[in-house]
Amino acid sequence: MKQFRLAFHLLFLPLSAAIILSLAGCSLLGSDSGGGGGSGGSGGSVATQNLRELPEVEAQLPASLSAAGSGGSASASVIAMAQGDVTTVSASALPDVKAQGWYDMKDAAGLDFLSEAFLDELREIANEQELDFGVVYDLGVRDFMEADFDLGNLKLAGSDNDLTVYWYAEPTYLETGTSFTFWARIRIVRNGDDWTVTANFEQGGAESGKIYANFATATGESLFLSRFSGSDPESGPYSYEDITQSIPNDDGSLTILSGYSDGSGGWGETRIGWGDDTMGGVIGVGNWGSDSYASQEYYNGDGSLLQQSWGTTAISAGGISWVEGWGFNIISSFEIAPAEVWLFDVWESGTLTQYVSSDNVLDTGTDTQLTSQAYTPYFKAGSSWAEGDAVYNWSESSTYIIVDAPPSTSVWRTKYEIGYQIPARKTIFGGSYYFEDRYPLKHLLPLTGVYDGKSVIREEGTTWNDTWTDADGKEQSWSWTSYSYYIDVDDDGAVDTDDVFMDGVWLSENYVWDFANQREIVVKAPFLTTTGGKLPAYLAFSSQNQTLVDAIETKILSIYDNDLPSLSVSAHEDKLEDLSSLSEFDDVEF
């Protein structure tokens, strides 16, 4: 959960370039040998060996976070074939989805990316030559984070097992010509197999700021702080700060705390993550201007996403108000939104009369007759959309027989099931939100109820393609294929009028950023979108999975209520030191 777009920004990139590279999925890890200066000697040999032996600084993760991440390749069940092709879908054939929160938890449980990059570089330098205490080494231009930078000068101070690296550079980002000053102080303490790394960074220039990072392998705890400010030619002055804290618990579980603020109240976020060997999740709340939001992600012991929710403080009626233009409000027939509604089209001597019924029986003496032709039912109790209001989705259609009906009479019956319903507000971290829920279809199969034993089939629809040239002159392409999911009621493996369309189930591209490997992962998988945890009668979220979700949410809310320390950088003000004023940098500065 560290704000690595900010840490990357520190490393010689204007924000726009950092965002572009992050979205492009550029790999930022690794460095090659190059540059280097200064004479070797025996005085620093133990310290040099310690730098060479410095392990990858990682925390011990619970099993639910130790599971391998998804490789990003789509399973055979979602490989595009041809329009109209039909494929049988099963839970075992659908890919596991790792949520962004899962990757954020793994990333936050250790040292931040920026400090790791410098430790990688120190290992490389130590492997190239012996380093003496007190000697200033001119590093020259090196391939650092897959870009060529003049990494300036460094020196070692302290003792073999408690050494401090002072590092100064005045790099220029070649693509933009942006130059600035940069100070780094990295203290490495070794006690047998235990290591503690404490890093401070300071940047001066058009954007200035400071970073602090600390991680101890003995405890597994880590703390990351940053604060930056600058001025954008278009938007003017800006500032931002963030904090991430990793806390291993006595029972083997892991707690992650994160807070971000842009300094002006325009954007802020608080996130809490927790996980043990069997489950885990992340809950966050934030604001973007006057809009507030909340998010929830829950995963099982394999790290597989079980449920994902997005909440807003205001009802978003834009996605449902369209129905008022050509649907019909059933409020006159029902006090609350029913689970299902039947619409009867009665044709008598060429004249259409429509009725809406609360069950599957037409009784024209008591059922509500519609005064104008309508198609989609909805329930709206007041003048504005409110909690409990709902829109209905088509479920099935069939002919209907009225005993003793007049001649030339035919009836067509259509069943509608409740679709999107405005949920009750839910309180998260002191705020109240309307949540929309997403469930991977993988965790809702096999089918249940009247369709128990039936198969789900997927029909391929239209494919859209687009190509364009980006700002760097590179050709880019995009492709998307639509899919529809049905219950194969007649077991013939084909989509026909007997089958039930699974409304609310859509194929989605799940995008996440894998910080450890600096790559974007895209997994295509079908999700059901709903509200209030309501599922169609033919799908079921197992009691075992629901128990996990409830337990994770309870745990995270308890952390917020009882154990939450200050998530303000100001609470750790003393750690963001002014490196540029320290005399220890006098002989490494240019």
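Two strands are said to pair if DSSP finds at least two bridges between them. Please also keep in mind that the model before you is predicted.

With that definition, let us turn to strand β20, residues 340-348, and strand β25, residues 409-421. These strands pair in the antiparallel sense, and nine bridges connect them. One point of contact can be named: D345 has W412 in β25 as its bridge partner.

Where does this pair sit in its sheet? The order of the strands is β19-β23-β24-β25-β20-β21-β22, an open sheet of seven strands with mixed pairing. At its edges are β19, residues 328-329, and β22, residues 368-370, each of which pairs on one side only.

I now move to a second open sheet. Four strands make it up, in the order β1-β28-β29-β30, and their pairing is antiparallel. Here the edge strands are β1 and β30, the latter covering 500-501, and each pairs on one side only.

Let us stay with strand β1, which spans residues 86-89. Which residues of β1 lie on its covered face, and which on the uncovered one? T87 and V89 form the covered face, whereas V86 and T88 form the uncovered one. Strand β28, residues 455-469, is joined to β1 by four bridges in the antiparallel sense. Within β28, R458 is the residue that stands opposite T87.

As an example, the bridge partner of E509 is K524 in β32. How many residues lie between β31 and β32 in the hairpin that they form? There are four, and Q518 in the turn has a positive phi of about 50 degrees.

That concludes my presentation, and I thank you for your attention.

Methods. Residues are numbered from 1 along each chain as its sequence is written. This is a predicted model: local features need pLDDT of at least 70, side-chain atom pairs count only at pLDDT 80 or more; totals for chains, interfaces and linings use all residues. Side-chain values use heavy atoms; hydrogens and water are left out. Buried means under 20% relative accessible area, exposed over 50%, partly exposed in between (1.4 Å probe, protein chains only). Helices (H or I, at least four residues) and strands (E, at least two) are DSSP runs, numbered from the N terminus.
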